[in-house]
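Open the model in your viewer and keep the sequence panel beside it. The stops below say what to select next and what is there.

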Amino acid sequence: SCRAVIFDLDGVLTDTAIYHFHAWKALADELGIAFTEHDNEQLKGVDRLGSLRWILQKGGLTLSEAEEARLMQQKNAHYLELIDHMTTADLYPGVQQLFAELRQSGIKIGLASASKNAAFVVERLGIAAQFDYIADANQVINSKPDPEVFLLAANGLGVAPEHCIGVEDALAGIEAINRAGMKAIGIGDARVLNGALKVYPTVQALKLNDITEL
Ligand code: G16
Ligand code: MG
């Protein structure tokens, strides 16, 4: 039975993808590389270095590690400026209610994010105190689809992976959940999120019953 639900952040609890897109797009423009919203889909759940390298490869560029570090710093500074405007209004509808129901049922709530800015974002969304444990990119070596961040979250929650459900909007995240030995719920398009046991269009459509019955 389910004893903990571990949520992804970007694309599940809030829409930061649009801010990541704007910041990467500005950088790509500067480098003379075409970068579209369609391209941005490929970067969901992918960590910062992986995302930069994807864009550089699209432009046929190979840069030194020092140059990569400088560009990542530039993109992140821009991204931080953009998310500085985030408020509790940016929390997706239905999240507060689902969290309250999970808590009432004695089910723990965890976070497993590929973002190094996860703590800042959940603070802005006003939900930081609701997590029993937060695992993010600052604590892991291997990014999704590696299961590390989900396993770290389960460990922090003190719940065995087989009693955890993971909730993800990215294919790489679904794979990470499955490799962690957890049950995977997808948020988004069922045709895209292969490997999820169930897929819901939004987190609002995901109900407590769906979790306890999975
Ligand atoms: C998120 C986003 C990715 C982003 C990554 C790293 O992952 O989906 O697009 O590249 O974080 O973000 P940062 O540059 O802030 O460290 P998740 O797992 O929360 O969906
Ligand atoms: Mg995500």
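**Stop 1: helices H1 and H4**

Select Tyr19, His20, His22, Ala23, Trp24, Ala26 and Leu27 in H1, then Leu71, Gln74, Lys75, His78, Tyr79, Leu82 and Ile83 in H4: these residues meet. Contact here means that C-beta atoms, placed from the backbone, lie within 7 Å. By class, this contact has nine nonpolar, four polar and one charged residues. Ala, Val, Leu, Ile, Met, Phe, Trp, Tyr, Cys and Pro count as nonpolar, Asp, Glu, Lys and Arg as charged, and the others, Gly among them, as polar.

The model is predicted; local features need pLDDT of at least 70, side-chain atom pairs count only at pLDDT 80 or more, and totals for chains, interfaces and linings use all residues. Residues are numbered from 1 along each chain as its sequence is written, while chains are lettered from A and ligands numbered from 1 in the order in which they are written.

Now show H1 (residues 17–31) and H4 (residues 65–83) whole: they pack at about 140°, with axes 9 Å apart. That makes H1 oblique to H4. (Under 35 degrees counts as roughly parallel, over 145 as roughly antiparallel, 65 to 115 as roughly perpendicular and the rest as oblique.) Axes are lines fitted to C-alpha atoms, for helices over the stretch in contact, and angles run from 0 to 180 degrees between N-to-C directions. Helices (H or I, at least four residues) and strands (E, at least two) are DSSP runs, numbered from the N terminus.

**Stop 2: helix H3 against H4**

Arg48, Leu49 and Leu52 of H3 make the contact with Glu68, Leu71, Met72 and Asn76 of H4.

**Stop 3: the sheet**

Select the six strands of the open sheet, in the order S3-S2-S1-S4-S5-S6, with parallel pairing. Which are the edge strands? They are S3 (133–135) and S6 (198–200), each pairing on one side only. Strands pair if DSSP finds at least two bridges between them. Three bridges join S2 (residues 108–112) to S3, and Leu111 stands opposite Ile134 in S3.

In the loop between S3 and H7, find Pro145; a cis peptide bond joins Lys144 to Pro145, with omega about 15°.

**Stop 4: ligand 1**

Finally, select ligand 1: of the 20 residues around it, Asp10, Ser113, Ala114, Ser115 and Lys116 come nearest. A residue is near if its C-beta atom, placed from the backbone, lies within 6 Å. By class, the shell has six nonpolar, eight polar and six charged residues.

Terms used: Two residues are in contact if their C-beta atoms, placed from the backbone, lie within 7 Å.
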